[in-house]
Amino acid sequence: MKIWTSEHVFEHPWETVTTAAMQKYPNPMNPSVVGVDVLDRHVDPSGKLHSHRLLSTEWGLPSIVKSISFTNMVSVDERLIYKPHPQDPERTVLTQEAIITVKGVSLSSYLEGLMASTISSNANKGREAMEWVIHKLNAEIEELAASARGSMRTPMAAAALVEK
């Protein structure tokens, strides 16, 4: 078993980051993720949101590798915790942890280390994806606000014309 951990600070408030986290896939930075299923989502008595999701991936492995499938031998349990920054409410701290287990093959420790390195590089892509989603959400909000401002002006302009 190999444990990998990382911490990152987003320059966005907690509400924005957690909204983006729920809408992270699909995204162009992680094209191997082809589906997300929510297995369980609840708020515990202390107010913490727990979301247990299963990601379906397609890695494009060669057929020879697929024929000697490792699906029953490899397990990755990843936990992501988003917390408001303790000194700055406009920032969010992400703590990531992955527990990697490879069973039933020789060199399992080596393979676990290799997977930890892959997870580390993919974590950077995941953070880029979060920034992409946040930008997309902010653009949608701006577009809705502009549309609302435009529709609010239309009735006023019509009322001004009627008064004349």
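This is a stop-by-stop tour of the structure, with what to select at each stop.

**Before you start**

The model is predicted: local features need pLDDT of at least 70, side-chain atom pairs count only at pLDDT 80 or more, and totals for chains, interfaces and linings use all residues. Residues are numbered from 1 along each chain as its sequence is written, and side-chain values use heavy atoms, with hydrogens and water left out.

**Stop 1: the whole chain**

Show the cartoon. The protein has 3 helices and 5 strands. Along the sequence they run β-α-β-β-α-β-β-α. Helices (H or I, at least four residues) and strands (E, at least two) are DSSP runs, numbered from the N terminus.

Now colour by burial. Of the 164 residues, 22% are buried. Buried means under 20% relative accessible area, exposed means over 50%, and partly exposed lies in between (1.4 Å probe, protein chains only).

The protein exposes about 11,600 Å². Carbon and sulfur atoms supply 58% of that area. Accessible areas come from the Shrake-Rupley method with a 1.4 Å probe; for residues, only the protein chains shown count as cover.

Contacts (heavy atoms within 4.5 Å) come next. Among those with a separation of 6 or more, 61% join residues 24 or more positions apart.

**Stop 2: the cores**

Select Phe10, Val17, Ala20, Ala21, Tyr82, Leu94, Met130, Val133, Ile134 and Leu137. These 10 residues make up the largest nonpolar core. Helix 1 (14-22) and helix 3 (108-163) are the elements that give two or more residues to this core. Helix 3 provides the largest share, 4 residues. A nonpolar core is a set of buried Ala, Val, Leu, Ile, Met, Phe, Trp, Tyr and Cys residues joined through side-chain atoms within 4.5 Å.

Centre on Leu137. Leaving out residues up to four places away in sequence, Leu137 touches Thr19, Ala20 and Gln23.

Then move to a second, separate core of 6 residues. Its members include Ala98, Ile100, Ile119 and Ala123.

**Stop 3: Gln96**

Select Gln96, in strand 5. Gln96 is buried, at 6% relative accessible area. Residues up to four places away in sequence aside, Gln96 touches Trp4, Thr5, Ser6, Glu78, Arg79, Leu80, Ala123 and Arg127. Ala123 also belongs to the second core.

Gln96 and Glu7 are 6.2 Å apart in space and 89 residues apart in sequence.

**Stop 4: the hairpin**

Select residues 33-43 and 49-57. These are strand 2 and strand 3, which pair in the antiparallel sense over 9 bridges. Two strands pair if DSSP finds at least two bridges between them. Pick Val38 in this pair: its bridge partner in strand 3 is Arg53.

Strand 2 and strand 3 form a hairpin with 5 residues between them. In the turn, Gly47 has a positive phi of about 95°.

Met22, Val43 and Leu49 form a nonpolar patch on the surface, with about 260 Å² of accessible area together. Patches are made of residues with over 30% relative accessible area and no salt bridge: like charges are joined within 9 Å, nonpolar side chains (Val, Leu, Ile, Met, Phe, Trp, Tyr) within 5 Å. Val43 sits in strand 2. Val43 is exposed, at 55% relative accessible area.

**Stop 5: two backbone details**

Go to Tyr25 and Pro26. The peptide bond from Tyr25 to Pro26 is cis, with omega near 0°. Pro26 lies in the loop between helix 1 and strand 2.

Next, select Leu107, in the loop between strand 5 (92-102) and helix 3. Leu107 is not a glycine, yet it has a positive phi of about 65°. Leu107 is exposed, with a relative accessible area of 62%.

**Stop 6: the salt bridges**

The whole structure holds 2 salt bridges. A salt bridge is a side-chain nitrogen of Lys or Arg within 4 Å of a carboxyl oxygen of Asp or Glu.

Select Glu11 and Arg91. Their closest N and O atoms are 3.2 Å apart. Glu11 lies in the loop between strand 1 (2-10) and helix 1, and Arg91 in the loop between strand 4 (74-84) and strand 5, so the pair ties together parts that are 80 residues apart in sequence. Glu11 is exposed at 53% relative accessibility, whereas Arg91 is partly exposed at 23%.

Finish at Arg149 and Glu142. Their side chains meet in a salt bridge at 3.9 Å, N to O. Arg149 is partly exposed at 37% relative accessibility, and Glu142 is partly exposed at 49%.
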